[in-house]
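User: I would like to go through this structure term by term, with each label set against its cut-off.

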Amino acid sequence: MRHTKQLLEAVRAACVETALKAYEDGGFSGLCAEGRWECAIGAMRHFDVAGVIKRFDASASSENDI
């Protein structure tokens, strides 16, 4: 159960980071707040959950090797 909670927290943190970066990038592109929000939503819709899971599993297995 602990592993599952840590995985879910890692996915959430990565999703938030992705959304914040997209929102910030939209601002640098000159978008208004609504356009920036749409960029953030789009980034979350295309968020690579499988990639986060793979990185988490690789990190967890390397910690177990120590």
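Analyst: Lysine 21 and aspartate 25 both lie in helix 1, four residues apart, which is about one turn of the helix; helices here are DSSP runs of H or I with at least four residues, strands being runs of E with at least two, and both are numbered from the N terminus. This is a predicted model, in which local features need pLDDT of at least 70 and side-chain atom pairs count only at pLDDT 80 or more, while totals for chains, interfaces and linings use all residues. Residues are numbered from 1 along each chain as its sequence is written, and side-chain values use heavy atoms, with hydrogens and water left out.

User: What makes aspartate 25 and lysine 21 a salt bridge?

Analyst: The term requires a side-chain nitrogen of Lys or Arg within 4 Å of a carboxyl oxygen of Asp or Glu. The closest N and O atoms of aspartate 25 and lysine 21 are 2.8 Å apart, and the pair therefore qualifies. Side chains of opposite charge can pair when their charged atoms come close.

User: How many salt bridges does a search of the whole structure find?

Analyst: The search finds two. In the pair of lysine 5 and glutamate 9, the closest N and O atoms are 3.5 Å apart, and these two residues, four apart in helix 1 (residues 2-28), are separated by about one helical turn.

User: Why is lysine 5 called exposed, and why does glutamate 9 count as partly exposed?

Analyst: Buried means under 20% relative accessible area, exposed means over 50%, and partly exposed lies in between, computed with a 1.4 Å probe on protein chains only. Lysine 5 has 54% and is therefore exposed, whereas glutamate 9, at 35%, falls in between and so counts as partly exposed. Aspartate 25, with 32%, is likewise partly exposed.

User: Why does leucine 7 count as buried, and which residues is leucine 7 in contact with?

Analyst: Leucine 7, found in helix 1, has 17% relative accessibility and therefore counts as buried. Leaving aside neighbours within four places in sequence, leucine 7 is in contact, meaning heavy atoms within 4.5 Å, with Ile53 and Phe56.

User: Which residues make up the largest nonpolar core?

Analyst: The core has seven residues, namely Leu7, Val11, Ala14, Cys15, Phe47, Val52 and Phe56; the term denotes a set of buried Ala, Val, Leu, Ile, Met, Phe, Trp, Tyr and Cys residues joined through side-chain atoms within 4.5 Å. Helix 1 and helix 3 (49-64) are the elements that give two or more residues to this core, and helix 1 gives the most, with four. Alanine 14 touches Phe47 and Val52, residues up to four places away in sequence not being counted.

User: How do you know that the buried residues of helix 2 line one face?

Analyst: Gly35, Ala40 and Ala43 are buried in helix 2. Seen down the axis, the buried residues fall within an arc of 145°, so they line one face of the helix; the arc is that of the directions from the helix axis to the C-beta atoms. These buried residues pack against helix 1, while the face turned away from the buried side carries the exposed residues Glu34, Trp37, Glu38 and Arg45.

User: In which helix is confidence lowest, and in which is it highest?

Analyst: Confidence is lowest in helix 3, at a mean of 87, and highest in helix 2, at 97, where pLDDT is the predictor's confidence in each residue, from 0 to 100.
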